[in-house]
Amino acid sequence: MEPANHFTVLRRYWRLLAGCTAAALIIGFLLTPAGDAVDNAKWQCKVAITPVAGAGDAVRADQVLSYAQGSDVSTAAAKKLGVTDVAALVARREVSAASTEMLVITTTGPTQQSCAELAAAFSQATINGYSQESKKSADDSIKRLQAQADKQQEQVNNLQHDFTKAGSADQPKLQPQLTAALAALTKTLTDINTLQSYSQTDAIQQWGSIDAKDGGGSLLTSPSRGVRLALAVVLGLALGIVAALMLSRMDTRLRTRNATEEAFNLPVIGEIPELSRRLRRLRGPLVVARPSDPAAEAFRSLRSTLLLTGPESLSVRPAGGEPGGRARREPAPVILVMSGRSGDGRTTTVANLAAALAETGRTVLVLDCDFRHPQAHAHFGVGDGPGMAELLSGEQLPALDDLIRTTGVEGVSLITGGNTTAYPAALVLRAGEVLRRARRHADVVLIDTSPLLHANDAYDLVQHADAVLVTALAGNVTPEQADRVSELLARTGVPVAGVALLGTIGPSGRRLKRDGLRGPLSSGRASGPAAVPRPPAAARPAPDAEAAEEPAVYEEHHRSAPSWARRPAPPAESVVETTLQLREIEER
């Protein structure tokens with residue numbers, strides 16, 4: 001992931017970052033004492049304790065460690081220092097086994113003297129206490145061994161008496177028993193002498209002097225509430241960043257141009273930046289309300305791309321620049337704006353694209369064919385009323401002129417969705433004749449329809465359009481949904497201009513190689529305002545020739561679809577729909 005995309009991810013998950021930071025701040029506030037305590041970590045002292053010479057295996061490090069951590073040592077050290085708060089001394093002491101024969105006591109304090117005195121007190125209390133316990137244990141062992149030695153001496157005396165009275169024939173039999181008894185007695189007496197010597201001296205001793213060093217203190221050891229709260233904020237923010245990056249890795253929804261082109265198998269011909277909440281509340285197209293806003297410029301760039309790469313009838317300007325000039329010369333092209341899911345900015349794109357087209361001198365007629373949730377009238381600031389539902393159902397106001405309503409945008413008119421009472425799918429089936437009549441009332445006809453993956457309305461209307469524009473909101477569509485939309489559009493054979501990606505944040509990455517993408521780019525057309533004019537129809541290769549040049553692996557992994565210039569002709573028995581067919585009928 002590029003560094004710029006990391007900032008985009010953090011901006012997307014700013015609520016998670018704020019939540020983690022707030023949680024860490026609250027926890028740090030609750031766990032930090034209100035007042036600033038003395039910095040006990042400024043000085044650190046260490047003292048080592050080892051067994052005395054000759055103690056051997058009589059002293060075990062784990063026993064000494066357990067005794068040093070006991071309450072008897074802490075109480076004795078506090079008594080020697082004249083301190084009543086034993087718990088405070090224990091908090092400043094740490095005992096650990098450096099090896100099997102060495103114990104290390106570490107203490108902390110605000111000054112070197114207090115730290116060294118505390119280490120010495122714990123060391124002396126451990127040595128004296130453990131030595132007394134060892135001496136007591138040795139005395140008990142001596143008493144036990146002395147009683148055992150008395151019994152062994154009596155046994156030896158009895159064997160010697162029997163050996164003396166026995167004859168020369170029986171003495172060899174008694175000799176092994178006498179020898180074993182003497183050896184056992186000797187061992188017991190040796191153990192007694194060892195324990196007597198061991199009990200007369202300390203079992204453990206201090207090794208070397210006390211090692212004291214200046215800790216200097218640090219942010220991590222500072223008990224100051226302000227410092228600890230600052231550390232808590234940093235820790236919470238770091239955890240939030242890690243969580244945001246992990247969630248971004250697991251989130252497969254389309255957010256960038258590269259991912260959108262790969263999922264839809266279509267070029268992204270327009271990227272609309274994310275709109276602020278204030279701009280989303282505007283009544284009217286952004287192109288008119290905020291003409292200098294970056295999003296408005298992005299919609300104009302989308303308009304330019306459509307004009308340069310779209311049907312020839314779309315790129316032709318009205319005669320003499322007069323509004324409605326096209327209505328008197330030839331039928332207007334129909335562009336269907338659709339999306340896979342609801343909330344993909346379809347109606348917003350229709351409103352702003354209509355306003356952008358009107359800036360070029362063209363008259364635009366918007367048809368709201370979203371009979372399930374019509375919203376085009378709200379984007380143009382027009383009240384709801386009779387519209388496409390009544391026109392298609394034939395219940396009232398069958399004349400098209402009676403339903404066309406002017407908007408606050410010069411050159412843009414609207415037929416609202418109306419108040420439908422019939423099943424929406426039944427209304428869409430009658431749209432062919434209505435669209436044929438609508439072509440003569442403007443230079444461009446834009447259709448807003450229901451989401452393709454939620455209803456079949458768009459799939460029924462697509463056959464009446466000259467071109468299709470797909471809209472997708474960043475973070476609202478998964479690759480599986482995009483692939484399904486691309487598959488359905490490929491079956492219709494209707495030229496697809498590309499995808500308008502709305503709600504982008506920051507840079508979306510490098511543009512990928514266009515090989516394999518369907519739409520106008522796959523037929524050699526550019527996708528931006530700086531695109532060069534299309535070559536004449538005679539200079540473009542036939543569809544069969546292009547297909548023959550493509551490798552077999554391309555046909556296996558990419559669905560082919562005709563571009564603007566390669567839409568297959570509909571069956572002869574179908575209803576007259578496209579601009580080309582209407583023009584041929586007029587010539588006849």
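Okay, let's start with Ile415: at 0% relative accessibility, this residue counts as buried, meaning under 20% relative accessible area, with exposed over 50% and partly exposed in between (1.4 Å probe, protein chains only). Before I go on, this is a predicted model, so local features need pLDDT of at least 70, side-chain atom pairs count only at pLDDT 80 or more, and totals for chains, interfaces and linings use all residues. Residues are numbered from 1 along each chain as its sequence is written, and side-chain values use heavy atoms, with hydrogens and water left out.

Back to Ile415, which sits in strand β9, residues 412-415. Helices (H or I, at least four residues) and strands (E, at least two) are DSSP runs, numbered from the N terminus. Leaving out residues up to four places away in sequence, Ile415 touches, among others, Leu365, Val366, Met388 and Leu403; contact means heavy atoms within 4.5 Å. Asp384 is 31 residues from Ile415 in sequence, and their C-alphas are 9.8 Å apart.

Asp384 also turns up with His377: beyond four places in sequence, His377 is in contact with Val382, Gly383, Asp384, Leu414 and Thr416. His377 belongs to helix α16, residues 376-379, and is buried too, at 13% relative accessible area.

Now, the sheet. What is its strand order? It's an open sheet of 4 strands, β2-β3-β1-β4, with antiparallel pairing. Two strands pair if DSSP finds at least two bridges between them. At the edges are β2 (93-99) and β4 (204-214), each pairing on one side only. Between β2 and β3 (residues 102-109) there are 6 bridges, and Ser99 has Met102 as its bridge partner in β3.
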